[in-house]
Amino acid sequence: MSESLIEGPEAEASLVSARGLDKRFGLTRALQGVEFSARAGEIHAVLGENGAGKSTLMKILAGVIRPDAGELSLGGEAYQPNDPAAAQRAGVAIVHQEPQLCEHLTVSENMSLGAEQTRGGLLDRRAMEQHARRALQELLPDAEAMSIRPEQLLAELGPGPRQLVAIARALASADCRVLILDEPTSSLARSDVEHLFAALRRLRERGLCIVYISHFLEEVMRIADRYTVLRDGAAVGLGEVADATLDEWIRLMVGRDVRDLYPRSEHQSGEVALELDDVWTGAGGPAPLTLRRGEVLGIAGLVGAGRTELLRAVFGLDGVRRGQIRVGAYAGPASPAIRLNQGVGMLSEDRQAEGLAATMSIRDNIILSKLRAFVWPRRARREATRWIEKLDIACRDPDQRVGELSGGNQQKVALARLLRHDVDVLLLDEPTRGIDVASRAQIYGLIDDLASRGRAVLMVSSYLPELFGVCDRIAVMCRGRLGVARPVADLDPESVLHEAAVAS
Ligand SMILES: Nc1ncnc2c1ncn2[C@@H]1O[C@H](COP(=O)(O)OP(=O)(O)OP(=O)(O)O)[C@@H](O)[C@H]1O
Ligand SMILES: [Mg+2]
């Protein structure tokens, strides 16, 4: 982008800005000459494909990493944070893509981490709880309504309240002027998204500058005032959200038109591949279900409804409390090894805990899935390269460590590993979380293709447009109980949302 984009009036109006930012990681040029400018009292969205450089830019603004070249300014003065603490003192706080909170600590302990209050050398629990209560109340006047209590263990909270705790913690530090949120809604339920948005609007009223990264473009349309689009480490667009269209954003992000977001072909549903009979998991039940070859069946529901528990039980990761799971004609005991042998594979929701080995290469992560089989290194490399191309994984080469990839690209590696198994029944838990719009279209195409070749797909998603775009039938889960799967043609998003929120 030419420098003119943030000169003149834009430069004067801006609270935080960057110019000419460069950042390399080894051979990867994550940022090249990035220009950025956001104002006080606005929600500024940062858009871009996986690996475009969004998180890198934010980490630089928040003092987590340092640029190789370029300048930052904050409130009209040069700004050069050497570490996150320096950024916080200057008023810039960040909530990372995967916020670091401690499950075994309480809400108030989490909020005081690093800034513990002591009295006579002892932790002052009362002061910490008061501090937490005040910070939560400032963010959410109805924090009690969401039942977030300072003395509660974090492990007791769902993803939505946790996200709000992370934000409250960021805000409570020093005098926050710029709040950076890196994909804050990727694991939130609808109702929690609304809580978050209400909180963000209040912060905007108070004059905060909120920088907001998200792949949910429809949400960005609703919440943001202005936007910057990054592509290949450079800013390629800056504008008012009110003047923008989804198509225009996608064109800017991808550099071309994405015509068909949800490619769909004829699916012939065949024999029963998976049958659940009166199944109860730890999250409740019953969950009856019949999945046929050649179909994509979606499970909608709120976060915490028990959808992940159900997929885990089917894959043999957890036991069932009652009922029977049949794969083909087999109804015996289950374990992941048995399931894999039966041709059932699973893409876990939590790629960090169960999915990938961050310190291993992309190649090993993709190829090692067929555990005992030896693969010649040359062949492994060739095959990994093929998957990298097929899923458009942004990386240097197959030997790059998975931990170095951007969030969305890590998810693609996990997906490649599953697809490589060429299983008959795929269990997909939030398969496109954190994945950009063009890659999502690609993944939907792959799912469609699998179904048209007679595979059976059971897919959990909290993103309704995707369930409606991809699935043949959708069933709704509410508090562990699974409703009847109905053809998408007979459903509409409102009724699905309603069913998800109200136990019948
Ligand atoms: N620590 C690192 N070491 C090596 N490469 C890195 C590192 N951090 C980021 N990169 C690379 O820099 C580029 C930009 O990554 P970044 O995380 O900023 O992307 P992003 O826009 O946030 O993507 P996503 O939407 O997937 O989160 C990517 O190619 C990524 O692989
Ligand atoms: Mg990122």
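Which side chain meets Arg363 in a salt bridge? I found Asp364, at 3.5 Å, N to O. The criterion I used is a side-chain nitrogen of Lys or Arg within 4 Å of a carboxyl oxygen of Asp or Glu.

**Ground rules.** This is a predicted model, where local features need pLDDT of at least 70, side-chain atom pairs count only at pLDDT 80 or more, and totals for chains, interfaces and linings use all residues. Residues are numbered from 1 along each chain as its sequence is written, chains are lettered from A and ligands numbered from 1 in the order written, and side-chain values use heavy atoms, with hydrogens and water left out.

**Salt bridges.** I searched the whole structure and got 26 of them. Asp364 is partly exposed, at 27% relative accessibility (buried is under 20% relative accessible area, exposed over 50%, partly exposed in between; 1.4 Å probe, protein chains only). I also noted a network of salt bridges that links Arg363, Asp364, Arg381 and Asp399.

Next I checked Arg293. Its salt bridge partner is Asp424, with the closest N and O atoms 3.4 Å apart. Arg293 sits in the loop between β14 (284–292) and β15 (296–301), and Asp424 in the loop between α15 (407–420) and β18 (425–429), so the pair ties together parts 131 residues apart in sequence. Helices (H or I, at least four residues) and strands (E, at least two) are DSSP runs, numbered from the N terminus. Arg293 is partly exposed at 26%. Asp424 is partly exposed too, at 27%.

Then I looked at Arg379 and Glu383, whose side chains meet in a salt bridge at 3.9 Å, N to O. They are four residues apart in helix α14 (residues 377–390), about one helical turn. Arg379 is partly exposed at 44%, whereas Glu383 is buried at 14%.

**Domains.** I read off domain 1 (1–91 + 176–257), domain 2 (101–173) and domain 3 (272–501). The bounds come from an automatic or database domain assignment. The centres of domain 2 and domain 3, taken over C-alpha atoms, are 34 Å apart.

**Helix pair.** I took α5 (residues 125–139) and α6 (residues 159–172). Their axes come within 9 Å and cross at roughly 105 degrees. Axes are lines fitted to C-alpha atoms over the stretch in contact, with angles from 0 to 180 degrees between N-to-C directions. That makes α5 roughly perpendicular to α6 (65 to 115 degrees). Contact means heavy atoms within 4.5 Å. On α5, the contact is made by His131, Ala135, Leu136 and Leu139. On α6, I listed Leu164, Ile167, Ala168, Leu171 and Ala172.

Notes: Parallel < 35°, antiparallel > 145°, perpendicular 65-115°, else oblique.
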